[in-house]
Amino acid sequence: ISDSIMLSFFVETGGLGDAPEAGDTLKLEFKNNSGAWVQQWFINDDASNSFTKYYIVIKDVQFLHNAFQFRFVNVTKNSGNMNHFNLDYIQFNEARSQTEEIKDVALTTVVPSLFKVYKTLPYSHFQVNPASQLNSNRNIYFRNNLSNAVFVDVQSEVYDESNIQIYLEPFSSRNINVRAQSDSFVLYPSVNVPTQTADSTFLRSVYRVRSVGNDETEKNIYNSINDNNTIEGFDYFHQYYAYDDGSAEAGFGLDYGGLPDGPAYCAMQFTNLKQDSLHGLDVHFNRSLEEVGSRPITLVIWQDIAANGGQDVVIREIQTTPTYVNTKNGFARFALDTTIILPVGTFYIGWKQTSAFIANIGWDKNYSGRTSKVFYNFTGNWVQLGTGFEGTLMMRPLIGKKLVPTVSIPKVLPKLDVNI
């Protein structure tokens, strides 16, 4: 029976994250009957940029014991959130064959936002025109991993913070014939959001797929920790605007590309839906590439930038340094000493630096269509970020009611109508 004891797994290098480079390694090790770890497999660099399946047959008698264990070890540079290897479908069992198929129908992407533009916004701003903020193109993607076509049922649910269901489109309404080893999707309409009584609350979206008799994850034959037939996600009403979902797949910075030291700028556009007070910024500094916590930067709030024939109008500047928060995807809060009364319409937040280094602001790759909101300026001219940088900066303007500060108030310099 030892000839059919097998460990299999899929590996993808990079994915939505950063691709490994020379010297980055993912290793598989087995614990032998003497308690020592022995390397059995490895992959280097960006060698598998799409999910590839690997099989390891276990025959060696030193591994055929009751205390057997295996582990994956990532060897990489001390450069933070970079050089990613993605593992999936790890299976370990006897009586297996390398010609077996995975009998699974799986959801494959993040939960689409209920909102068209923002992932989070103040509820009072949403109330100005709810229909304009609701997403009428909620695409949910899934895959048939079997070697034959199957019918897949899809269900969409939405709940409020009290777990009261406010939307349901049941399995019986969506039955899709999906070709063998192919992807498909279902488009759902917008969700009417009932009146909320709290300033800060959330909506929870749940999507489910099933293919009765064809999907062995439904019966937990694979003894998996998670069921990939169900995903859920959250949209928030809170006292800030955010395009991001709170997770950084990468970091974003200004690359001088050989230009001499000098002022460079990055700005992200927001549209304020209701006149309100702006009292600070939340920023996620992604700890990667190099330590820049002592390098000076200036956070900037603009009423306008000269990207559309106008002029740069700076409202406020915050002199600071990149501030790392010791929690996963943590945001540093930079409070203003006096609030800004922000009119309806567009405004911008971002930063200025005067020397060449990568500030590594968090970059969320999960949601597309936000790249057009980002602009940069090295030579006195603003340039809209190209579509090759799909994602959004993890910077958030704090709007309305003040929130509990998470960092001490930095030095804040008021500015009025300054031309850059």
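## Reading a predicted fold, feature by feature

Me: Let me start with one side chain. Is Phe-63 buried or exposed?

Reply: Phe-63 is buried, because its relative accessible area is 4% and the cut-off for buried is under 20%. Please keep in mind that this is a predicted model.

Me: Where is Phe-63 found?

Reply: Look in the loop between strand S4 (52–57) and strand S5 (70–75).

Me: Which residues does Phe-63 touch?

Reply: Leaving aside residues up to four places away in sequence, Phe-63 touches Phe-30, Lys-31, Asn-32, Val-38, Gln-40, Ile-58 and Phe-68. Take Asn-32 from that list: Phe-63 and Asn-32 are 31 residues apart in sequence, yet their C-alpha atoms are 4.8 Å apart in space.

Me: How far apart can two C-alpha atoms be, say those of Trp-363 and Glu-100?

Reply: That pair is 263 residues apart along the chain, and 39 Å separates the two C-alpha atoms. Trp-363 itself sits in strand S23 (residues 361–364) and counts as buried, because its relative accessibility is 3%.

Me: Now let me zoom out. How many helices and strands are there in the protein?

Reply: You will find two helices and 28 strands. Along the principal axes, the C-alpha atoms fill a box of roughly 80 × 50 × 35 Å. The protein has 420 residues, and 47% of them count as buried.

Me: Why look for nonpolar side chains that are buried together?

Reply: In soluble globular proteins, nonpolar side chains tend to be buried together. Here is the case in this model. The largest nonpolar core has 66 residues, and the members that touch the most others are Leu-299, Trp-351, Leu-393 and Met-395. Strand S21 (residues 332–342) gives this core its largest share, five residues. There is also a second, separate core of 14 residues, with Ile-5, Val-11, Leu-28 and Ile-58 among them.

Me: What about charge: how many positive and negative side chains does the protein have?

Reply: The count is 33 positive and 43 negative side chains, and the centres of the two sets lie 3 Å apart.

Me: How many salt bridges does the count come to?

Reply: A salt bridge pairs a side-chain nitrogen of Lys or Arg with a carboxyl oxygen of Asp or Glu, within 4 Å. By that rule there are 14 salt bridges in this model.

Me: Which side chain meets Glu-29 in a salt bridge?

Reply: Lys-27 does, with 3.7 Å from N to O. Glu-29 is buried at a relative accessible area of 9%, and Lys-27 is buried too, at 19%. These two also belong to a network of salt bridges in which Lys-27, Glu-29 and Arg-71 are linked.

Me: Which residue forms a salt bridge with Lys-119?

Reply: The partner is Asp-235, and the closest N and O atoms are 3.2 Å apart. Lys-119 lies in the loop between strand S7 (105–107) and strand S8 (120–121), while Asp-235 is in strand S15 (residues 230–237), so this pair ties together parts that are 116 residues apart in sequence. Lys-119 is buried at 5% relative accessibility, and Asp-235 is buried at 1%.

Me: And how about Arg-208 and Glu-157: where do their side chains meet?

Reply: They meet in a salt bridge of 2.5 Å, N to O. Arg-208 belongs to strand S14 (residues 201–210) and Glu-157 to strand S10 (residues 150–159), so the pair ties together parts 51 residues apart in sequence. Arg-208 is partly exposed at 28%, whereas Glu-157 is buried at 2%.

Me: Last topic, the backbone. What is phi of Gln-181 near?

Reply: Phi of Gln-181 is near 45°, a positive value in a residue other than glycine. Gln-181 is in the loop between strand S12 (175–178) and strand S13 (182–188), and it is partly exposed, with a relative accessible area of 48%. Tyr-89, which is not a glycine either, has a positive phi of about 50°, and you can find Tyr-89 in strand S6 (residues 85–93).

Technical notes:
Residues numbered from 1 in each chain as written. Predicted model: local features only at pLDDT ≥ 70, side-chain atom pairs only at ≥ 80, totals over all residues. Heavy atoms only, no water. Helix = DSSP H or I, 4+ residues; strand = E, 2+ residues; numbered from the N terminus. Buried < 20%, exposed > 50% of the residue type's maximum accessible area, 1.4 Å probe, protein only. Core = buried A, V, L, I, M, F, W, Y, C linked by side-chain atoms within 4.5 Å. Lys, Arg positive; Asp, Glu negative; His and termini not counted. Charge placed at Lys NZ, Arg CZ, Asp CG, Glu CD. Contact = heavy atoms within 4.5 Å.
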